[in-house]
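Student: I'd like to learn how to read a few features off a protein model. Can we work through some together?

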Amino acid sequence: GLGRPELRFDLGLARALADRDAGRLREAAQTLRVVVEGRASWEPVSPLPARGAAAPDLVQVTDELISVLLEIGDHDAVIEAWQRARVAKNGRFDQLARRTAGWSPVADEPHPATHADERPLSRGMEVQPAVLPAVPEGPLVEYYVLDGDVIAFVVREGQVHVRRLPGTSAPARRALAGWRQERLLVATHLAGPDQTTSPALEALRVHLVEPLADLVADLCEELREEPGAAVLTVIGHRHLHDVPFDALFEQLGHQPPETVRAEPDLDLEPERELPTRHAPVLVLAVPDDRAPLVEKEAAMIGELLPASEVAVGEEATRERLFASAPAAELVHIACHGTFRHGNPLFSALHLADGWLRAADVVADGLELNGAVVVLSACSSGGGSELSREPLGLAWAFVEAGAAGVVASLWDVDDAATLELMTHFYGALADGQYPQVALRTARRAVAERHPHPYYWAAFRYFARP
């Protein structure tokens, strides 16, 4: 009778749960669709009563709808479940931006408030009613964490297959924690010098990849036999953003896939010319005590790609980036980076004139015009489980117009990074596409440094 949106939301969810408990799955799904569509455009005008429980948010209702659709289980329901999972990974960025305006990239270094902190980010930030995406041709593997389970959608030739991996979320989280500890041991040389395998990654492979082997094995074999073939796209969710799926598939003896944040570019951009030795390239490099080889990295790129504009040290500024990037086909930034789990939009790169945050890249209008961006910085491709999509620096550069972004999932070894980038740019200079060049570079580094810590960090993030 009050007509409050909060009450309609609560009552719709209660009705759907009652229908589900009574076995009326299709009625429950329809009610949840109405609730989801209504909530997506709802802006509350007043808070709920303090003594009452807060209304469930859109995330919970969407998860309930996906769960009901998976219970229905027919072809149309499975497709819609994937569509709802994809839509759920978009559109909640404004909340992160507003809640933490003014955060500094590092706790002990204040960041002055600017106009960028005071307004919501302009691109892709507002919650909109769901527009369900079309099913791509694939190949695509997309994970979705649902309660304690992990849902794996495998898209092949326009068909959606689904596997529910019961109770997998918590073991995967524990294995990821073990992987972080293992990386630290390898980085500090406390692990055995001959260690080439990872028990933590083996556990992740068993939990997340092995159950899909019958659906993806032939795809991986095709990719292995045809180096220039379209990549197998793998999209994570929540804590699975941190999983190095490349290493997991490599352990199976298959072609490592690429992880991207959205739909794959299956044709490897045939309408765009490949980067050549004479393509305009912008290189910004800021060496410091933690990354002393950054200067050598910049010099190497200048030698392999003679048309490069190379700025090292004090010349590698934010102003130089914004001025020169629009005309570049490839932008390489080598410096110290930091990832903020609390708000990934405030992850940042340390340029000569201060920190460049992901929020600044989006809000201040960096124009990349389809360039490929390489972020040779620690954790520049990191994602937070607080957001469903892998928000952070890689996402920000994609939003700014990059055709693709090469970035790292964790703090990388300086010498191994120089070696990987040398192979990567050598392959680019020879005419390989960036995705294939990165694959070539990873394999070359893995021959000398077999442990995945050294070669599996860098991934290719593609625009939608």
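Predicted model: local features only at pLDDT ≥ 70, side-chain atom pairs only at ≥ 80, totals over all residues.

Student: Let's start with helix packing. At what angle do helix α1 and helix α3 pack, and how far apart are their axes?

Tutor: To read a helix pair, take the angle and the axis distance together. Here α1 (residues 5–21) and α3 (residues 58–72) pack at about 20°, and their axes lie 12 Å apart. Angles under 35 degrees count as roughly parallel, so α1 and α3 are roughly parallel to each other. Their crossing is left-handed.

Student: Which residues make that contact between α1 and α3?

Tutor: On the α1 side you'll find F9, L13, L17 and R20. From α3 come L58, Q60, V61, E64, S67, V68 and E71. Sorted by class, the contact has six nonpolar, two polar and three charged residues.

Student: Now a second pair. How do α11 and α15 pack?

Tutor: Read them just as before. Helix α11 (residues 294–304) and helix α15 (residues 414–429) pack at about 10°, with axes 10 Å apart. That angle makes α11 roughly parallel to α15. This crossing is right-handed.

Student: And which residues of α11 and α15 meet?

Tutor: K296, E297, M300, I301 and L304 in α11 meet T417, L418, M421, T422, Y425, G426 and A429 in α15. The residues of this contact divide into seven nonpolar, three polar and two charged.

Student: How do I check a helix's length, say for α16?

Tutor: Compare an expected span with the distance between the end C-alpha atoms. Helix α16 (residues 434–448) has 15 residues, so at 1.5 Å a residue the helix should span 21 Å. The end C-alpha atoms of α16 are 22 Å apart, which agrees.

Student: Which residues of α16 are buried?

Tutor: P434, Q435, V436, A437, L438, R439, A441, R442, A444 and V445. Notice that two arginines, R439 and R442, are on that list.

Student: Let's turn to the backbone. What should I look out for there?

Tutor: Most residues other than glycine have a negative phi, and most peptide bonds are trans. In this model, a cis peptide bond joins G138 and P139, with omega at about 0°. You'll find P139 in the loop between α6 (115–118) and β1 (140–146).

Student: What is the phi of D147, and where does D147 lie?

Tutor: D147 has a positive phi of about 55°, although it is not a glycine. Look for D147 in the loop between β1 and β2 (149–156).

Student: What about S379: what is its phi, and where is it?

Tutor: S379 also isn't a glycine, and its phi is positive, at about 55°. S379 sits in the loop between β12 (372–376) and α14 (393–399).

Student: Are D147 and S379 buried or exposed?

Tutor: Buried means under 20% relative accessible area, and exposed means over 50%. D147 has 65%, so D147 is exposed. S379 has 13%, so S379 is buried.

Student: Last one: which residues does L176 contact, leaving aside neighbours within four places in sequence?

Tutor: L204, H239, D242 and V243. L176 and D242 are 66 residues apart in sequence, yet their C-alpha atoms are 7.6 Å apart. L176 itself is in helix α7 (residues 169–187), and at 1% relative accessibility L176 counts as buried.

Note on methods. Residues numbered from 1 in each chain as written. Heavy atoms only, no water. Axes fitted to C-alpha atoms, helices over the stretch in contact; angles between N-to-C directions. Helix = DSSP H or I, 4+ residues; strand = E, 2+ residues; numbered from the N terminus. Parallel < 35°, antiparallel > 145°, perpendicular 65-115°, else oblique. Left-handed = near helix turned anticlockwise from the far one by under 90°. Contact = heavy atoms within 4.5 Å. Nonpolar A, V, L, I, M, F, W, Y, C, P; charged D, E, K, R; others polar. Buried < 20%, exposed > 50% of the residue type's maximum accessible area, 1.4 Å probe, protein only. Expected span 1.5 Å × (residues − 1).
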